[in-house]
Amino acid sequence: MIVWEAHACLPLHPRADFGPIDRLHAAGCNYVSINIGMDMNPLSQVMSVIGGFRTTIAAHPDRYVLASHVEDIERAAEEGKLALGFDLEGAMPLLEQPAMVALYRDLGVRQMHFAYNRNNSVAGGCHDEVQGLTPLGRKMVAAVNEAGVLMDCSHTGRRSSLDIMEASVKPVIFSHSNPLALVEHGRNVTDEQIRACAATGGVICVSGVSGFLGTRTPGADDVARHAAYIAEKVGVEHVGVGLDISFHEEGIDDTPPGDFDATYWWPKSAGYDRAIQRMTYTPIDTWSVLAPALERAGMTVAEAALVMGGNMARVARVVWG
Ligand SMILES: [Zn+2]
């Protein structure tokens, strides 16, 4: 069984400590998708983060494997190592060039979405005016399909996400998104989006963020409750987990350079109050107690294993090749 963490955030700094990633490994994860940048981060920052993270991974071949295929994850698990991949949150670092998708893939990016909360020239964000996938966006979906990268729709506006799922010829995922029917928040996804994702053969991964789970002290049972809702709607084979824990490190400042405005990216009107800092996360140990929580929510042992990683591994086999 592969345990798959679909989204985790280290400080966006080349010298970020991988200690939290080691703790995810200790809690049972076999694969972790690490964020390397969002629409708010300039290319100079995204590239230095990729360079730094690749250097850390390469310096510890006894501990980490940068995975290209699901087989790499299986081998890493057998050898007691953790497999890693990168994910990009937003299309702005693609510089409006579909060819950049394959370049990011070659640097280790295994999944990407197109808009971080706000609209851009490729797609609409979930906290902005309604905007569909643009003509450039259609080319970008084709490039993501062609490059063998997981097409992600978290943070994307509803209209654009439905357009992307219709345009994609490969399964599409939501790497960290929760059902709107359980918690009213702009970041959460409608039953229509959940059904469209399942229709692509994809997976909706439940996030562990307090505001999206609808609890101040989120834990494994909250994640399981949201997972059970999606399973009930579209089937357990379309449910995954991306806890989206954002790790901060003393002495490391990863604020984007220039006149960065957090309230633009995390608008108060969308319920962020003082931006994302007010959010809390499920503890890392959620992973070690998630299987029994999923069983308490009504799943069998085999179904819990699908949710914890089997489903994402199935989709990645199709998409990564
Ligand atoms: Zn995110």
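1. Let's start at the metal: the zinc ion takes its protein donors from Glu89 (OE), His155 (NE2) and His176 (NE2), which lie 2.1 to 2.2 Å from it. Donors here are N, O and S atoms within 2.8 Å of the metal (3.2 Å for Na, K and Ca), and water is not among the atoms, so sites may look incomplete. Along the chain the donors follow the spacing E-x65-H-x20-H. His155 sits in the loop between β6 (150–152) and α6 (158–167), and His176 in the loop between β7 (172–174) and α7 (191–199), so the pair ties together parts that are 21 residues apart in sequence. Helices (H or I, at least four residues) and strands (E, at least two) are DSSP runs, numbered from the N terminus.

2. Before going on, a word on what we are looking at. This is a predicted model, in which local features need pLDDT of at least 70 and side-chain atom pairs count only at pLDDT 80 or more, while totals for chains, interfaces and linings use all residues. Residues are numbered from 1 along each chain as its sequence is written, and side-chain values use heavy atoms, with hydrogens and water left out.

3. The cut-offs are under 20% relative accessible area for buried and over 50% for exposed, with partly exposed in between (1.4 Å probe, protein chains only).

4. Next, strand β4 (residues 82–89), which holds Leu84. Leu84 is buried, its relative accessible area being 0%. Leaving out residues up to four places away in sequence, Leu84 touches Phe18, Ile21, Tyr31, Val32, Ile34, Ile57, Tyr64, Val65, Leu66 and Ala67; contact means heavy atoms within 4.5 Å. Leu84 and Trp4 are 80 residues apart in sequence, and their C-alpha atoms are 10.0 Å apart in space.

5. Which residues of helix α4 are buried? In α4 (residues 99–106) they are Met100, Val101 and Tyr104. They cover an arc of only 110 degrees around the axis, which puts them on the same side of α4; the arc is that of the directions from the helix axis to the C-beta atoms. Cover for these buried residues includes α2 (43–59), β4, β5 (109–113) and α5 (135–147). The exposed residues Ala99 and Asp106 are on the face of α4 turned away from its buried side. Just after α4 comes Gly108, with a positive phi of about 115 degrees.

6. Two non-glycine residues are worth a look for their backbone angles. Glu96, in the loop between β4 and α4, has a positive phi near 60 degrees and counts as partly exposed at 47% relative accessibility. Asp244 also has a positive phi, of about 60 degrees; Asp244 lies in the loop between β9 (239–241) and α10 (262–265) and counts as buried at 10% relative accessibility.

7. A cavity is a set of points, on a 1 Å grid over the protein atoms alone, where a 1.4 Å probe fits but cannot get out; a pocket is an open set with protein on both sides within 12 Å along at least five of seven lines, and lining residues have an atom within 4 Å of a point. Grid points are joined across faces, edges and corners, and a volume is the space filled by probe spheres set on the points. The largest cavity has a volume of about 50 Å³. Its lining has 14 residues, with Cys126, Thr156, Gly186, Arg187 and Val189 nearest its centre, and divides into 4 nonpolar, 8 polar and 2 charged. For those classes, Ala, Val, Leu, Ile, Met, Phe, Trp, Tyr, Cys and Pro count as nonpolar, Asp, Glu, Lys and Arg as charged, and the others, Gly among them, as polar.

8. The second largest pocket holds about 240 Å³ of space. Of its 12 lining residues, Ser210, Gly211, Arg216, Arg278 and Met279 lie nearest its centre. Ser210 belongs to helix α8 (residues 210–213) and is buried, with a relative accessible area of 7%. Beyond its neighbours within four places in sequence, Ser210 is in contact with Thr215, Arg216, Pro218, Met279 and Thr280.
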